[in-house]
Amino acid sequence: MVQGSRQYDAIVVGGGHNGLVCAAYLARAGRAVLVLEASERLGGAATTREFAPGFQVSACAHLLHLMPPALMRELDLAANGLKLAAERLPTVALGSEGQHVTYSSSEVSGALTAADVSRYPAWRALLERLAKTLHPLLSAAPPRLGTEAWRDRAALLGLGWRIRRLGRRDMRELLRIGGMCVHDLLEERFESPLLKGALAFDAVLGSNLGPRSPGTVLSLLYRLAAPGGPEILTQPQGGLGALTQALAEAARRAGAEIRTHAPVARILVRDDRVCGVTLGSGEELAARVVVSSADPKTTFLGLLGSEHLDAGFVRRVSQLRTRGLAAKVHLALDRLPHFRGLDPQSLRGRLLVAPSLGYVEGAFNYSKYEEYSSAPVLEVTIPTLADPALAPPGKHVMSVIAQYVPYKLATGWQEQRQQFKELVIRTLAAFAPDLPDCVRSSELLAPQDIEREFRIAGGHWHHAELAFDQFFMVRPVPGAAQYQAPVAGLFLCGAGCHPGGGVMGLAGRNAARHVMREAA
Amino acid sequence: MLTESEPHYRQPLLKTPFHERQRALSQLDSFVPWSGYTTVDVFSSVDQEYFAVRNQSSLYDLTPMVKYRIGGRDALRFLNRLTTRNVAKLAPGKVQYTVWCDDHGQLIDDGTLFCLAPNEYRLCTAERQLDWLAASAIGFEVEIAEVTEEIAALALQGPTSCALLKDLGLAGIERLKPFELGHFELALAAQRAPLMISRTGFTGDLGYELWMKPADAENVWDALIQAGRIRGVRPIGSRALNIVRIEAGFLLPNMDFVSASHAQRSGTTRSPLELGLAWLVDFGKGHFTGRRTLLAEQQRGPLRGLVGLDVEGNKPALNALLYAARDGNREIGSVTSAVWSPTCKRNLALAIVDAAHLAPGSEVWADIYLNRELVWERRMVRARVVERPFYAPARRRATPPADF
């Protein structure tokens with residue numbers, strides 16, 4: 001323990017969006033909070049940085065659609081500097097020969113059958129009704145099973161009641177489709193390959209799942225259940241980094257202290273209680289509780305150490321599936337490329353390369369064998385259309401999420417880096433033939449780069465795969481699924497906790513509430 | 001040891017290096033499996049074998065005992081996190097009886113831990129533990145290897161055991177204290193066999209355990225039998241051993257507790273506090289697996305516990321349910337091991353009983369079923385909770401031991 005220095009009520013490890021949200025809520029409740037960020041920049045995986053001279057990009061996540069409006073209101077993010085450059089962005093499923101499908105939360109248009117156009121609103125309405133049932137689950141600590149605590153029982157009863165209240169038809173449908181794969185569900189409902197491919201994309205984005213993998217309907221519902229309002233895609237002005245700047249401002253205004261360049265080396269334990277942290281520099285800082293927004297493996301195995309934990313718990317943590325399967329490609333463009341069949345206005349949303357269910361599933365197949373498909377699945381944004389300040393005048397930035405890019409390649413990544421970037425450009429050139437001529441420079445963040453740059457073990461941007469066995473009341477692992485670590489005084493608030501990743505902030509808010517209740 | 005002519009699936013049980021010697025002495029051809037080996041249940045007569053332990057010397061083949069070599073920079077830290085005792089107090093040349101638990105403080109197994117050198121240990125266990133050891137090794141720089149087949153082992157137990165070893169020229173053996181180990185050389189006709197000897201055992205009597213290379217096993221056996229004639233040495237099987245271990249109050253896995261790693265049903269596992277092993281649990285040494293649950297259990301007080309029972313009459317209370325009163329209305333526990341003790345001349349049992357009946361002197365009633373020439377009878381018999389061990393001769397601790 002540090003002598004003579006101040007003791008914080010809480011030290012938050014990691015200055016990503018969840019860490020900052022947690023710090024802001026704790027500080028607003030009057031706690032003395034210190035946020036420690038290892039890198040020189042706040043934001044974690046929600047950050048904006050330069051990737052080519054004069055070109056800025058949201059380095060990991062590139063759209064904001066999961067953060068609940070209530071949270072943004074409570075932390076007064078608008079007053080703390082957050083502006084939205086674009087809202088309610090549409091999604092364009094890119095098709096060949098300029099024949100695309102455009103959809104939003106309520107309607108669909110473009111190259112699809114009339115039957116699909118008429119079925120789409122009912123599909124959205126059903127998903128939204130089901131998602132609304134799941135919605136309250138996200139904003140609270142998951143209940144524990146087999147306890148006598150009224151809080152756990154009430155939460156379980158509440159879930160049962162909400163499902164029951166769906167009514168007979170919707171409840172049956174939820175129970176019928178809940179364990180299905182999204183491929184089968186979409187085949188039941190739609191005809192147009194382009195629409196089915198794009199809708200399946202939303203179910204598998206960022207996960208180690210293909211459209212035929214079990215549990216993909218659940219992951220789709222889960223994505224829609226986010227209280228941000230289903231599929232309301234927004235783009236903060238200044239990129240995702242501007243969001244975390246606003247969160248940091250909110251935390252500071254509430255009294256939190258924030259230090260960058262302050263990597264935590266160890267979480268300190270005394271008498272079986274967490275009492276502070278040691279920084280990489282050797283400096284020791286004392287706190288009554290430590291709240292870690294780092295991923296569970298880093299927190300438990302790296303910062304805390306197995307010796308303070310039970311062996312079975314450590315095994316569960318070490319067996320968490322944390323390999324990322326999504327890469328980022330950033331392109332600095334000298335001019336805006338021309339996408340066949342799309343005017344610049346339609347380019348403001350997100351563009352998907354997921355032209356059919358078979359295409360997506362086929363791309364997924366390669367990843368199982370430590371390869372990537374030569375026909376990759378992509379999500380593209382051109383943030384400079386709504387926010388020109390991210391690039392020099394007249395120039396543009398293209399931010400691409402490439403799905404199904406393995407952490408480990410059988411051939412090794414070293415020789416493949418350039419080839420993969422070229423593959424992405426070539427794939428997009430099928431829709432925008434002049435793209436290769438526009439590219440001035442490019443950057444690849446493969447899962448291992450994401451692991452290194454954002455300090456996420458495995459490079460999974462949800463910290464841990466969002467699948468049924470790592471979900472809700474067992475996320476990240478039994479024994480730590482309610483934000484509380486097995487060691488007294490240690491809490492989790494990162495994407496590895498319920499309700500998981502994406503730039504949502506709910507893990508941070510739920511954790512802060514839990515900390516205040518448990519460590520008042 | 002597999003022979004080349006027989007594929008492994010034709011001989012699912014291994015033979016220990018002492019197998020041929022034991023087979024030659026086995027009159028009843030009564031073998032039982034133990035940890036993947038075939039071992040002797042009884043050679044000729046359980047009674048004679050029992051009395052060899054208590055009055056002479058007994059030789060028991062320990063080879064199937066599962067053995068792990070645990071070494072590496074973090075070996076001490078690893079073992080302190082694995083087991084409930086403080087391994088920092090275990091100096092080279094010493095042995096600890098110890099236990100380890102799962103995350104919920106439920107017993108996985110017990111065993112003996114030998115410190116051979118700093119950060120160099122051997123762990124002997126009743127059952128295979130590699131999966132749990134591997135899980136426990138995450139985050140530690142430690143090498144774990146199973147060495148069961150690399151080490152042959154014999155237990156030489158009984159009042160004349162020390163004298164027998166002295167007869168064999170093992171100078172200084174009498175200075176070995178309980179739970180100490182030493183390295184010796186046994187002069188054989190052709191060569192000298194290095195022996196590691198620990199003053200440990202499962203009999204509660206004066207005795208030693210001898211650890212050797214499998215290649216020396218038969219020669220060492222022969223030397224012990226030869227020199228032991230005058231000391232009354234007799235090979236024994238596991239049935240005689242079971243009587244003496246109950247007299248000594250030692251627990252047997254899958255008899256007195258079920259390992260938390262095998263248990264399927266909830267509520268069947270036991271914590272070391274419940275099994276009367278609180279003295280093995282060092283809450284002050286830092287974290288170990290199960291500590292937080294055990295601490296809570298200690299503060300709350302155990303719900304049940306293992307006790308020794310002195311049962312009236314002479315019929316062993318095997319598998320008996322226990323009741324608070326003779327009327328048999330309120331069940332308060334059950335017997336885990338039971339035997340008529342020929343030395344104590346008492347009818348002994350180990351039992352798990354509810355917390356209200358843990359104090360020595362408590363009276364409980366055992367519902368004993370007797371098979372009398374295929375006719376079943378039922379007796380409700382009074383039993384009293386008594387201190388364990390039931391039998392603890394002074395010679396088990398005396399150093400040097402008296403010369404018998």
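Visitor: Which domains is chain A divided into?
Guide: Chain A has domain 1 (7-85 + 237-321 + 458-518), domain 2 (101-225) and domain 3 (327-454). Those bounds come from an automatic or database domain assignment. This is a predicted model: local features need pLDDT of at least 70, side-chain atom pairs count only at pLDDT 80 or more, and totals for chains, interfaces and linings use all residues. Residues are numbered from 1 along each chain as its sequence is written, and chains are lettered from A and ligands numbered from 1 in the order in which they are written.

Visitor: What separates the centres of domain 1 and domain 3 of chain A?
Guide: 28 Å, taken over C-alpha atoms.

Visitor: And how many residues are in contact there?
Guide: 19 residues of domain 1 of chain A are in contact with 22 residues of domain 3 of chain A. Contact means that two C-beta atoms, placed from the backbone, lie within 7 Å. On the domain 1 side, strand S3 (48-52) and strand S4 (55-58) of chain A each supply at least two residues. S4(A) gives the largest share, 4 residues. Strands here are DSSP runs of E, at least two residues, and helices are runs of H or I, at least four, numbered from the N terminus.

Visitor: What classes of residue are on that domain 1 side?
Guide: 9 nonpolar, 10 polar and no charged residues. Ala, Val, Leu, Ile, Met, Phe, Trp, Tyr, Cys and Pro count as nonpolar, Asp, Glu, Lys and Arg as charged, and the others, Gly among them, as polar.

Visitor: Sheets next. In what order do the 8 strands of the open sheet in chain A run?
Guide: The order is S8-S7-S6-S15-S16-S17-S14-S18, with mixed pairing. Two strands pair if DSSP finds at least two bridges between them. S8 and strand S18 (439-445) of chain A are at the edges with a single partner strand each, so one side of each has no neighbour in the sheet. The twist averages 20° from one strand to the next.

Visitor: Which helix packs on the sheet?
Guide: Helix H7 (residues 193-204) of chain A. H7 of chain A touches strand S6 (91-93), S7, S8, strand S15 (350-353), S16 and S17 of chain A, and its direction makes about 125° with that of S6(A). Axes are lines fitted to C-alpha atoms, for helices over the stretch in contact, and angles run from 0 to 180 degrees between N-to-C directions.

Visitor: Zoom in on S17(A). How many of its residues are buried?
Guide: 8 of the 8 residues in strand S17 (residues 396-403) of chain A. Buried means 20 or more other C-beta atoms within 10 Å of a residue's own, exposed means 12 or fewer, and partly exposed is in between; C-beta atoms are placed from the backbone. His396(A), Met398(A), Val400(A) and Ala402(A) point one way, and Val397(A), Ser399(A), Ile401(A) and Gln403(A) the other.

Visitor: What does S17(A) pair with over 8 bridges?
Guide: Strand S14 (residues 326-333) of chain A, in the antiparallel sense. Ala326(A) is bridged to Gln403(A), and Leu333(A) to His396(A). Strand S16 (residues 377-381) of chain A also pairs with S17(A), antiparallel over 5 bridges. There, Glu379(A) has Ile401(A) as its partner.

Visitor: Different spot. Is Glu107(A) buried or exposed?
Guide: Exposed, because 12 other C-beta atoms are within 10 Å. Glu107(A) is in the loop between strand S7 (101-103) and strand S8 (108-110) of chain A. Leaving out residues up to four places away in sequence, Glu107(A) touches Tyr120(A) and Pro121(A).

Visitor: Now the two chains. How many residues does each give to the contact?
Guide: Chain B gives 14 residues and chain A gives 14 residues. On the chain B side, helix H3 (75-82) and H4 of chain B give two or more residues each. H4(B) has the largest share, 3 residues. By class, that side has 4 nonpolar, 5 polar and 5 charged residues.

Visitor: What covers the buried residues of H11(A)?
Guide: The cover includes helix H10 (296-304) of chain A and helix H4 (130-136) of chain B. In helix H11 (residues 311-318) of chain A, 6 of the 8 residues are buried, so the helix is largely enclosed by the rest of the structure.

Visitor: Last one. Which strands form the closed barrel in chain B?
Guide: S15-S18-S17-S16-S19-S20, 6 strands with antiparallel pairing. Neighbouring strands are turned by 40° against each other on average, direction ignored.
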